[in-house]
Amino acid sequence: MTTSGPGRIRLVSQTVAVDVDAPSGGRISSIRHLASGAEVLLSTPWADEEWAGSAAMTDSADEWHRRYPGGWHGLVPHAGSARTVDGVAQPFHGEAGWRAWSVVEHTSLNDVTLSVTLRTVPIEARRRITLDDNTLSVRQCLRNLSGEPVRVSYTEHPAFGPDLLGPGTVITVGAADDPVLRVSPSDPGVAFRTVRVPSGSARVSSPSNSLEVELTWDPAVFPYAHIWHELAETSGFPWWGQVRTMAVEPASRPDVPEGEALGPLLIPGEGELQTTVALTLRDLGTGCGSE
């Protein structure tokens with residue numbers, strides 16, 4: 001992924017390089033392990049295409065998937081199928097992932113803050129992305145700009161790339177000693193599922209390149225996780241057999257909304273909600289006895 005141009009930022013530590021693409025939904029577009037060159041996140045074959053002047057597809061889900069570049073988006077104030085709440089149309093996966101974000105602050109090689117003011121709800125989203133050695137922290141602050149309480153849903157959407165999905169890869173969701181789900185790309189089962197995760201944690205272990213990714217989050221904000229895969233099995237639109245990914249998505253609600261409200265998270269008038277999701281990338285081949 002290119003990091004040239006306004007709003008495209010690179011964060012670097014001794015072990016990891018991270019690219020942030022503010023114009024493309026404020027997403028993290030790359031997390032690369034420097035020693036091996038392995039890429040943690042998915043980048044679709046059309047990730048760098050320009051869409052200005054391109055006719056939009058009628059359905060927002062079709063349009064999202066046509067454009068989808070991969071990477072790690074924060075989905076606010078809605079995730080999942082398009083729906084209308086309180087007379088306002090919410091597109092597939094919510095407004096924030098469609099918008100160009102602004103770079104608020106970028107004064108070091110390991111820290112950047114982005115923001116966007118949403119129009120479907122009176123919310124300013126501010127996203128601070130910090131790289132500390134091998135741990136990437138994403139702190140999201142959702143500030144209610146109105147005097148009335150606002151309900152939202154919120155999902156973090158990191159999609160892992162083929163470098164992590166080699167032979168023997170296992171995704172473990174939940175506590176290591178008592179997981180709620182364990183799944184492998186070689187035996188994926190259902191292509192999409194939702195589970196409750198009381199521990200607020202998951203791991204992707206990739207023995208083929210001796211790497212492990214650990215995700216941690218606050219289960220009070222994200223009591224669920226969506227597990228999604230596309231393993232080059234869809235020969236037609238939108239993947240054309242060219243995309244291989246698995247995603248672990250901390251989520252505030254199930255995929256099918258419960259009730260008529262936009263989401264379960266209540267942000268009081270002129271109040272805010274803050275939470276952090278962290279990703280730690282471990283090199284399992286650098287311990288004692290490794291070659």
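## Basis of the model

The model is predicted, so local features need pLDDT of at least 70 and side-chain atom pairs count only at pLDDT 80 or more, while totals for chains, interfaces and linings use all residues. Residues are numbered from 1 along each chain as its sequence is written, and side-chain values use heavy atoms, with hydrogens and water left out.

## Nonpolar cores

In soluble globular proteins, nonpolar side chains tend to be buried together. A nonpolar core is a set of buried Ala, Val, Leu, Ile, Met, Phe, Trp, Tyr and Cys residues joined through side-chain atoms within 4.5 Å. Buried means under 20% relative accessible area, exposed means over 50%, and partly exposed lies in between (1.4 Å probe, protein chains only).

The largest nonpolar core has 60 residues. Ile31, Trp72 and Phe160 have the most contacts inside this core. With contact defined as heavy atoms within 4.5 Å, and residues up to four places away in sequence not counted, isoleucine 31 touches Val16, Ala17, Val18, Ala38, Glu39, Val40, Leu41, Trp72, Leu136 and Leu279. A second, separate core has 13 residues, including Trp46, Ala79, Ala159 and Trp239.

## A strand pair

Helices (H or I, at least four residues) and strands (E, at least two) are DSSP runs, numbered from the N terminus. Two strands pair if DSSP finds at least two bridges between them. Strand β7 (residues 102-108) and strand β8 (residues 111-117) run antiparallel and are joined by 4 bridges. The two strands β7 and β8 form a hairpin, with 2 residues between them. Glutamate 105 stands opposite threonine 113 in β8.

## Salt bridges

A salt bridge is a side-chain nitrogen of Lys or Arg within 4 Å of a carboxyl oxygen of Asp or Glu. By this rule the structure has 13 salt bridges. One of them joins aspartate 19 to arginine 10, with the closest N and O atoms 2.7 Å apart. Aspartate 19 has a relative accessibility of 3% and therefore counts as buried, whereas arginine 10, at 42%, counts as partly exposed. A further salt bridge links arginine 99 and glutamate 95 (2.6 Å, N to O). Here arginine 99 is partly exposed at 26%, and glutamate 95 is buried at 8%.

Glutamate 214 and arginine 282 also meet in a salt bridge, at 2.7 Å from N to O. Glutamate 214 lies in strand β17 (residues 211-216) and arginine 282 in strand β21, so this pair ties together parts that are 68 residues apart in sequence. Glutamate 214 has a relative accessibility of 18% and counts as buried, while arginine 282, at 30%, counts as partly exposed. Elsewhere, Arg8, Asp21 and Arg27 are linked in a network of salt bridges.

## Aromatic rings

A pair of aromatic rings is described by the distance of the centres and the angle of the planes. Rings of Phe, Tyr and Trp (its six-membered ring) pair if their centres lie within 6.5 Å; planes under 30 degrees apart count as stacked, over 60 as edge-to-face and the rest as tilted. The structure holds 7 aromatic pairs.

One of these pairs is tyrosine 154 with phenylalanine 222, which is edge-to-face, with 4.8 Å from centre to centre and 65 degrees between the planes. Tyrosine 154 lies in the loop between β11 (150-152) and β12 (155-160), and phenylalanine 222 in the loop between β17 and β18 (224-231), so the pair ties together parts that are 68 residues apart in sequence. Tyrosine 154 is buried at 0% relative accessibility, and phenylalanine 222 is buried at 0%. One aromatic cluster is formed by Trp64, Tyr68, Phe92, Trp98, Trp228 and Trp239.

## Two single residues

Glutamate 272 is found in strand β21 (residues 272-283). Its relative accessible area is 42%, so glutamate 272 is partly exposed. Leaving out residues up to four places away in sequence, glutamate 272 touches Cys141, Leu142, Arg143 and Ile267. Glutamate 272 and cysteine 141 are 131 residues apart in sequence, yet 6.7 Å apart in space, C-alpha to C-alpha.

Glutamine 90 lies in strand β6 (residues 88-90) and is buried, with a relative accessible area of 2%. Apart from neighbours within four places in sequence, glutamine 90 is in contact with Pro77, His78, Ala82, Arg83, Thr120, Val121 and Leu262.
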